[in-house]
Amino acid sequence: MVQENVEIRHSDAQSPQSVTLFSAAYEAMQSLYPSTQKAAFSMEPLRAVGVKVLLAFSDESPAGCCAVFEHKGNSELKRLFVV
């Protein structure tokens, strides 16, 4: 079994790595739904106050992403995606 070093880092929703990973997550999610339910992709919700963007790196390569939405003392993990 090969072990990889995985590191989780806070990121900016506007960083190229964030946009690339969340775009891939969006495309994967949209492939699961009929074309009538497709919504336009936007990073805007990830730029809101109370949202933390986290990226996973495996041996320095982007490997996954998620967003943590915080509201009234609660946190909700959203948009989890692993390459």
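**Patch, core and ring pair in a predicted model**

Colleague: What makes the nonpolar surface patch, and what is its area?

Modeller: M29, L32 and Y33 form the patch, which covers about 330 Å². This is a predicted model, in which local features need pLDDT of at least 70, side-chain atom pairs count only at pLDDT 80 or more, and totals for chains, interfaces and linings use all residues. Residues are numbered from 1 along each chain as its sequence is written, and side-chain values use heavy atoms, with hydrogens and water left out.

Colleague: Why is Y33 called partly exposed?

Modeller: Buried means under 20% relative accessible area, exposed over 50%, and partly exposed in between (1.4 Å probe, protein chains only). Y33 has 40%, so Y33 is partly exposed. Y33 sits in the loop between α1 (16-30) and β2 (51-58); helices (H or I, at least four residues) and strands (E, at least two) are DSSP runs, numbered from the N terminus.

Colleague: Why is the pair of Y26 and F41 called tilted?

Modeller: Rings of Phe, Tyr and Trp (its six-membered ring) pair if their centres lie within 6.5 Å; planes under 30 degrees apart count as stacked, over 60 as edge-to-face and the rest as tilted. A search of the whole structure finds one aromatic pair. The ring centres of Y26 and F41 are 5.2 Å apart and the planes stand at 50 degrees, so the pair is tilted. Y26 belongs to helix α1 and F41 to the loop between α1 and β2, so the pair ties together parts 15 residues apart in sequence.

Colleague: Which of these two is buried?

Modeller: Y26, at 15% relative accessibility, counts as buried, whereas F41, at 31%, is partly exposed.

Colleague: What makes up the largest nonpolar core?

Modeller: A nonpolar core is a set of buried Ala, Val, Leu, Ile, Met, Phe, Trp, Tyr and Cys residues joined through side-chain atoms within 4.5 Å. The largest has 13 residues, and F22, L46, V53, L55 and C65 have the most contacts inside it. At least two residues come from each of α1, β2 and β3 (61-71), with β2 giving the largest share, four.

Methods:
Patch = residues over 30% accessible without salt bridge, like charges linked within 9 Å, V, L, I, M, F, W, Y side chains within 5 Å. Areas by Shrake-Rupley, 256 points an atom, 1.4 Å probe, with all protein chains shown as cover. Salt bridge = Lys/Arg side-chain N within 4 Å of Asp/Glu carboxyl O.
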